[in-house]
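Please consult the sequence and structure below while reading.

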Amino acid sequence: MLTTRFVDGAPNWIDVGTSDIDGATAFYGALFGWTFRSAGPDAGGYGFFQLDGKTVAGGMQTTPEQGPPSWTVYFATPDARATAKAAEQAHGTVPLAPMDVMGEGTMAVLADQAGVPFGLWQPGRTKGVDVANEPGSLCWVELYTPDIAAAAAFYHATLGLETYAVPFPGGTYTCVNPAGAGEDAMFGGIVPLSDDPAGAGSPAHWLPYFEAADVDAVVARAEERGGGVHMPATDVEGVGRIARLTDPYGARFAVIKSAPREQ
């Protein structure tokens, strides 16, 4: 599970690039109760989504030249430059080379062997988000990819991630956890792109899940405020109640009310 005891290879930050940061703030505020705080005049418009004073994500307004609105998942690394080099050696690319962020940490944006963007965050003063796995915060991530085996090999070579298959209704599910951390540290899964509820032609992507106290209520508020529904609220045995959505600007995300963990 995701925690704020950030382990190398696990997600430790997430942000959204959007064509309308004010509209996105209103949208996610209605869904999760988030507010937006600017990171300051030197941050280029970047800021923090907060819940009860704790940072749950970042965000900024982007241009069409920077790509379509989307969420980016960042993974913890002790050495962003070495990780970026490992990604290149594993047939990935580095669209944004590692750079210092005002002493808060070092960030980079990479793309995997299938072209899926993801981020690196090497902690400095900022270790990562302040809260995870609680209502209104990041709790799970999924990679939709055309080749599960190739993706597993890439992320193992780049971040040291380990995968294992678990039984799932209708087949198996490929779970992901940091190297040597064991199944209790799993934070996500790798899913065939053909299973994407958005349908044919959907690009490969990382999908963030936010915990929700009431999935149906979040879906209703999203629709009322111009969001899209790729998968309506659905119960998944042993997992929880899930819905997959887009915000009004096209950024994909999912919400879940997780089933209670077995003791």
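What is the accessible surface of the protein, and what percentage of it belongs to carbon and sulfur atoms?

## Surface and overall form

The model is predicted. Its accessible surface comes to about 11900 Å², and carbon and sulfur atoms contribute 53% of that area. Of the 263 residues, 49% count as buried.

The protein contains four helices and 16 strands. Its radius of gyration is 17 Å, close to the 18 Å that the globule rule gives for 263 residues, so the protein is as compact as a globular protein of that length. Along the principal axes, the C-alpha atoms fill a box of roughly 50 × 45 × 40 Å. Among contacts with a separation of 6 or more, 59% are made by residues 24 or more positions apart.

Helix α2 spans residues 80-89, and its buried residues are Ala80, Thr83, Ala84, Ala86 and Ala87. Viewed down the axis of α2, these residues fall within an arc of 160 degrees, so they line one face of the helix. The face turned away from this buried side carries Arg81, Lys85 and Gln89, which are exposed.

Which elements do the buried residues of α2 pack against? Their partners are the strands β6 (93-100), β7 (105-111) and β8 (117-123), together with helix α3 (148-159).

## The ends of α2

The N-terminal end of α2 is capped by aspartate 79, which places a side-chain oxygen 3.2 Å from the backbone nitrogen of arginine 81. Just after the helix, histidine 91 adopts a positive phi of about 75 degrees.

## Aromatic rings

How many aromatic pairs does the structure hold? The count is 27. One of them joins phenylalanine 154 and tyrosine 155 in an edge-to-face arrangement, with 4.9 Å from centre to centre and 85 degrees between the planes. Phenylalanine 154 and tyrosine 155 are both buried.

Ring pairs also link a cluster made up of Phe27, Tyr28, Phe32, Trp34, Phe36, Phe49, Trp71, Phe210 and Phe253.

Key
Residues are numbered from 1 along each chain as its sequence is written. This is a predicted model: local features need pLDDT of at least 70, side-chain atom pairs count only at pLDDT 80 or more; totals for chains, interfaces and linings use all residues. Side-chain values use heavy atoms; hydrogens and water are left out. Buried means under 20% relative accessible area, exposed over 50%, partly exposed in between (1.4 Å probe, protein chains only). Helices (H or I, at least four residues) and strands (E, at least two) are DSSP runs, numbered from the N terminus. The arc is that of the directions from the helix axis to the C-beta atoms. Contact means heavy atoms within 4.5 Å. A polar contact is a pair of N or O atoms within 3.5 Å; within protein, one must be able to donate a hydrogen and the other to accept it, and residues adjacent in sequence count only if both atoms are side-chain atoms. Rings of Phe, Tyr and Trp (its six-membered ring) pair if their centres lie within 6.5 Å; planes under 30 degrees apart count as stacked, over 60 as edge-to-face and the rest as tilted. The radius of gyration is taken over C-alpha atoms; the globule rule is 2.2 Å times the number of residues to the power 0.38. Accessible areas come from the Shrake-Rupley method with a 1.4 Å probe; for residues, only the protein chains shown count as cover.
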